[in-house]
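This briefing is meant for a reader who is new to the structure. Please view the sequence and the model together while reading the points that follow.

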Amino acid sequence: MACLLETPIRMSVLSEVTASSRHYVDRLFDPDPQKVLQGVIDMKNAVIGNNKQKANLIVLGAVPRLLYLLQQETSSTELKTECAVVLGSLAMGTENNVKSLLDCHIIPALLQGLLSPDLKFIEACLRCLRTIFTSPVTPEELLYTDATVIPHLMALLSRSRYTQEYICQIFSHCCKGPDHQTILFNHGAVQNIAHLLTSVSYKVRMQALKCFSVLAFENPQVSMTLVNVLVDGELLPQIFVKMLQRDKPIEMQLTSAKCLTYMCRAGAIRTDDNCIVLKTLPCLVRMCSKERLLEERVEGAETLAYLIEPDVELQRIASITDHLIAMLADYFKYPSSVSAITDIKRLDHDLKHAHELRQAAFKLYASLGANDEDIRKKIIETENMMDRIVTGLSESSVKVRLAAVRCLHSLSRSVQQLRTSFQDHAVWKPLMKVLQNAPDEILVVASSMLCNLLLEFSPSKEPILESGAVELLCGLTQSENPALRVNGIWALMNMAFQAEQKIKADILRSLSTEQLFRLLSDSDLNVLMKTLGLLRNLLSTRPHIDKIMSTHGKQIMQAVTLILEGEHNIEVKEQTLCILANIADGTTAKELIMTNDDILQKIKYYMGHSHVKLQLAAMFCISNLIWNEEEGPRRHCSSTWRDKSTLGACEHPTSLLKEVQELASFDSFYLHKSPWTAGSCFAKAIW
């Protein structure tokens, strides 16, 4: 069997291969089966805890021979078992060792070994498979290639506590998305694993618990099933709650809290259920305490952030539980000069992973401040918080930068903070740097926040404009990523709201007419709606309307016609009619409507439409067309209108107005209150 190493063998490695290592491999080829068995046993003892010896044996070709012996029908069960044990030991070395084993096609050989009737051999194969599948270099899909593997593993769960532990561990590491969840669920994972939660073995209980956490994550089907499963007369959520108790190991508390969190987020448990409010949330807050290990604090904060993210009441409860907001500030001071860590290896580990704490803190602050103004105020008033967030925007870790931007985005939903703290710390400067060169996942959040900073009441709007934001945002509208196109056009829409003519001209020049109309035909509905909003904001204020329509009128009228004729929803057509109403408010621009029989027919059609929004929008088009404010405080019909019979005979303009008012008589309140007459599409924050 051929077996290739992924990286070239270095001469330095070869030089270290000793005669003793060669001796171990040579004994695998002895014609005496007993000597071969003893050779494998001696090899097992030699490689335990010795990565150098493992590498030597792999280089000398031990793996193909071990796999050959493992698969030979003439090999004794004892020999096969010892071969599986040695292979498992080799897999526990470096990642390169695992890559070498994978290159030798070890997984099919071990899966074949699971068909043996011998339990010890099965356990040895599963132990080796567990080690290989938990390695980051092993593709999870290798578990699902053969459709017979999963049902066979389910059947093996009842063989022993070791098969239960190893199989659950394999499942929890290889379940990486909805497709894998569906496969495991359809093969009875819930029913087969549920009873393991009451096993006498702690390791089995923990691995079963981890299985449920990955199965329930963002999966309503699995979560709704779990909530009704009975184990020894108790529902699964009740068992999870028992595992949250303070006397249970931290690992068990955390994993149980994750199970309940994922079930809650999937809609299987209400957010106001006692098991969430009184058990899960307090448990996760406890995990954020400085007494916990770094990885426990990280996992606790990130899980809590996920739990409370969509629910304002949970955010409020969490914010006042155990001084959480102040507690999170310690995440940025770790490890301190007076750290209680005495284990040098632990201290070294924590120094290398301290950025994970900052990332987790930013995530949790983002969730806490998602909705409540008072909570945002408390977060910002926490010691040096704005400085820490600004520093986070330039960290080397992409995950920390992303979390910092998300935190800043959450806090930017506050009008007060936009006007004060964000201006005091000139947050827009580092944000613009982030937008210049960042991966898409950061760009999406950063551009969302920029939309908020461009709101009309934000003091940051003017310096952002002066820093070249128009070009940057126009560039985003050409992205292949729909979220970036939406944010780019959304920010331009906010920028154009009640803007000066120069800014509007800059937007049109940088965006180009061609790109504007490409966006109007975008397949993403959000992009189309925001582009219509941008047009509506550009076409506001009579001089601006006339100026823009004098240079782009033909193309705009063409786009309006296409949208009104197309298969679009009510909201899209309403926005388009609002654009027409704005054009109709222009002094010279309205002529483009008055001289366009097709457009006038469409306005008439929508006046009689069954949907109230379209009726009202069409009527405001008419209202702007027939009144002329220059003739006095009361609007009069423009002279051009007298000659138009497109909407039906009208001997006197007031008769048309009467017809419009009669059409609107079903709800004069909406007509009176509507802001559509030459109105803008209000600048909106991305919440």
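Asn 596 counts as partly exposed because its relative accessibility is 21%, and buried means under 20%. The residue is placed in the loop between α38 (591–594) and α39 (597–607). Its C-alpha atom is 9.2 Å from that of Met 557, although 39 residues separate Asn 596 and Met 557 in sequence. The model is predicted, and the points below are grouped by topic.

**The chain as a whole**

- The protein chain contains 43 helices and two strands.
- Of its 687 residues, 56% are buried.

**The nonpolar core**

- In soluble globular proteins, nonpolar side chains tend to be buried together.
- The largest nonpolar core in this model has 234 residues.
- Within this core, the residues touching the most other members are Phe 212, Leu 368 and Leu 580.
- Beyond its neighbours within four places in sequence, Phe 212 is in contact with Val 190, Ile 193, Ala 194 and Leu 197, and also with Leu 226, Leu 236, Phe 240 and Cys 259.

**A pair of helices**

- Helix α28 (residues 428–436) and helix α29 (residues 440–453) have axes that come within 10 Å of each other and cross at roughly 145 degrees.
- The crossing of these two helices, α28 and α29, is left-handed.
- On the α28 side, the contact is made by Trp 428, Leu 431, Met 432, Val 434 and Leu 435.
- On the α29 side, the residues making the contact include Ile 442, Leu 443, Ala 446, Ser 447 and Met 449.
- By class, the contact of α28 with α29 comprises 11 nonpolar residues, one polar residue and no charged residues.

**A buried loop residue**

- Ser 412 is located in the loop between α25 (398–411) and α26 (415–419).
- Is Ser 412 buried or exposed? Ser 412 counts as buried because its relative accessibility is 1%.
- Leaving aside neighbours within four places in sequence, Ser 412 contacts Leu 418, Phe 422, Met 449 and Asn 452.
- Ser 412 and Gly 369 are 43 residues apart along the chain, and their C-alpha atoms are separated by 9.5 Å.

**Loop residues with positive phi**

- Most residues other than glycine have a negative phi, and most peptide bonds are trans.
- Glu 218 has a positive phi, near 50 degrees.
- The loop that holds Glu 218 runs between α14 (202–216) and α15 (220–226).
- Glu 218 counts as exposed because its relative accessibility is 54%.
- Ala 426 also has a positive phi, near 45 degrees.
- The place of Ala 426 is in the loop between α27 (421–424) and α28.

**A partly exposed lysine**

- Lys 248 lies in the loop between α16 (236–242) and α17 (250–265).
- Lys 248 is partly exposed, since its relative accessible area is 27%.
- Not counting residues up to four places away in sequence, Lys 248 touches Lys 242, Met 243 and Gln 253.

Methods. Residues are numbered from 1 along each chain as its sequence is written. This is a predicted model: local features need pLDDT of at least 70, side-chain atom pairs count only at pLDDT 80 or more; totals for chains, interfaces and linings use all residues. Side-chain values use heavy atoms; hydrogens and water are left out. Helices (H or I, at least four residues) and strands (E, at least two) are DSSP runs, numbered from the N terminus. Buried means under 20% relative accessible area, exposed over 50%, partly exposed in between (1.4 Å probe, protein chains only). Axes are lines fitted to C-alpha atoms, for helices over the stretch in contact, and angles run from 0 to 180 degrees between N-to-C directions. A crossing is left-handed if the near helix is turned anticlockwise from the far one by less than a right angle, and right-handed if clockwise. Contact means heavy atoms within 4.5 Å. Ala, Val, Leu, Ile, Met, Phe, Trp, Tyr, Cys and Pro count as nonpolar, Asp, Glu, Lys and Arg as charged, and the others, Gly among them, as polar. A nonpolar core is a set of buried Ala, Val, Leu, Ile, Met, Phe, Trp, Tyr and Cys residues joined through side-chain atoms within 4.5 Å.
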